[in-house]
Structures are given as C-alpha cells and as structure tokens.
Amino acid sequence: MNTIRNIVFDVGDVLIRFRYRDHMKDLGFSQEANNFLSENMVLTEFWHLMDRGDKMEKDAIEHFTSLYPEYRQEILTFWAHTEGLVSEYPYAQPLLHHLKELGYGVYVLSNYPLETSERHWATFQFLPEADGYIISAREHLAKPEPEIYRLLESRFGLNLPECLFIDDRQTNLDGAAAVGMQTLLFTRYPELIRDLKQLDPNI
C-alpha cells in the first residue's frame, strides 16, 4: 500500500447532509408528495444528468411537471427554494482543518448539479480548507467515471495511489479503486475517525 499523502472527500452525506425529505417537509408538502417526489424526482437518473451538467434546473422543471402535472405546484416550489436542500455537518470544517495541520493535502470531489452548487458552495465553511475541488457538473463528468478521478490527478498534480478517497457510495469507491486510489466507505463520522486513526494514530 502506498503512503497516503492526500485525502479526498465526497460532499453529499459525507461533509453535508442532503436533506431533501426534510426540505420538502419544511416547504409544507404532504407526506404523499414527499414520498412520490423523493422517489420519482430526486432519486432518478435525471438527477444524475444534472450532476453531469447535462441538464439544468429549467430542464428538470419542464421534465418533471410534464411527467407529473398533479404535483406541478410542489415541483415549482421545490426548485424555487433549493437553498434548504443541504446542511453542513458541524464536524466538516474542523476535520479538514485538522488533516491539513497534520500535513495532508485535502481535496473535494463531488457529484453536484451546477446551479445548486453555485448557491450552496459559497456557504460551506469547509471549502476554504480544501487545497482544491472538482464539481462534476462544471466538468461534464461524474463519479464513477474514471475520467473524473484522472482529472483530479492532472489538475492538482496528484499521484492517485497516494490519495485516499472517502465516499458514502460503494460504486464511487469502486470507480476510484479502478484508477488506483485507496478508498474508505463513509457510514458515520465516529466510524470515519476510527478508520482514519487506524491509518494514522495522530488523526
């Protein structure tokens, strides 16, 4: 195993909570609408196309209101108030800061739609700690495509076998491992710290 010199973080449900169900509840949606739009709008291949930058919010509104006219008002409301879709975990900024103090390079590699990234990322307190970041929609690439990991390598002058990638989705870790990265599955913060301390007791 190569020495780990850089730690690369996913964002959604690792450094921030993707709280789409709570968001819809906050907006006053019925439980039925919440369940339906969670399954048929958020957790769909179309959202992945937004992550790749191949579809924009106006495309999503047109697509989903056409498919589900009975939820037209909820869909319009959802996309008019995306600022409430995420919340930053309180451990995110201190963790990245601590890793940098220990001498690690710290990077962020995220599947994220373009327009929501423009609203959300400026608010993330952890972001100034990162040595670099890649937002999928800006590159028209998305995890687990091998090209997005190689872009991380070339853009920031990294050696992928010296990078530990932390993500909450095994498929994204498999993509990273296929190009030589070391990987760690995120489940919860306490388990993450336990696993990192096994690699470096100073963490």
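1. A pocket here is an open set of points on a 1 Å grid over the protein atoms alone, with protein on both sides within 12 Å along at least five of seven lines; its lining residues have an atom within 4 Å of a point. Grid points are joined across faces, edges and corners, and a volume is the space filled by probe spheres set on the points.

2. The model is predicted, so local features need pLDDT of at least 70 and side-chain atom pairs count only at pLDDT 80 or more, while totals for chains, interfaces and linings use all residues. Residues are numbered from 1 along each chain as its sequence is written, and side-chain values use heavy atoms, with hydrogens and water left out.

3. The largest pocket holds about 560 Å³ of space. It is lined by 27 residues, of which Phe18, Trp47, Asp51, Asn111 and Arg169 are the closest to its centre. Strand E2 (16–18) and helices H3 (45–51), H7 (114–120) and H10 (170–178) each give two or more residues to this lining; helices (H or I, at least four residues) and strands (E, at least two) are DSSP runs, numbered from the N terminus. H3 gives the most, with 4 residues.

4. By class, the lining of the largest pocket has 11 nonpolar, 8 polar and 8 charged residues. Ala, Val, Leu, Ile, Met, Phe, Trp, Tyr, Cys and Pro count as nonpolar, Asp, Glu, Lys and Arg as charged, and the others, Gly among them, as polar.

5. Helix H2 (residues 31–42) crosses helix H5 (residues 72–80) at roughly 70 degrees, and their axes come within 11 Å. Axes are lines fitted to C-alpha atoms, for helices over the stretch in contact, and angles run from 0 to 180 degrees between N-to-C directions. H2 is therefore roughly perpendicular to H5 (65 to 115 degrees). Ala33, Leu37, Met41 and Val42 of H2 meet Glu74, Ile75, Phe78 and Trp79 of H5 in the contact (heavy atoms within 4.5 Å). This contact has 7 nonpolar, no polar and 1 charged residues.

6. Helix H4 (residues 57–67) also packs with H5, at an angle of about 165 degrees and with the axes 9 Å apart. That makes H4 roughly antiparallel to H5 (over 145 degrees). Glu57, Ala60, Ile61, Phe64 and Thr65 of H4 make the contact with Arg72, Ile75, Leu76 and Trp79 of H5. The contact of H4 with H5 divides into 6 nonpolar, 1 polar and 2 charged residues.

7. Two backbone points remain. The peptide bond from lysine 143 to proline 144 is cis, with omega near 10 degrees, and proline 144 lies in the loop between helix H8 (136–139) and helix H9 (146–156). Aspartate 13, a residue other than glycine, has a positive phi near 65 degrees.

Technical notes:
On a 1 Å grid over the protein atoms alone, a cavity is a set of points where a 1.4 Å probe fits but cannot get out, and a pocket is an open set with protein on both sides within 12 Å along at least five of seven lines; lining residues have an atom within 4 Å of a point. Angles under 35 degrees count as roughly parallel, over 145 as roughly antiparallel, 65 to 115 as roughly perpendicular and the rest as oblique.
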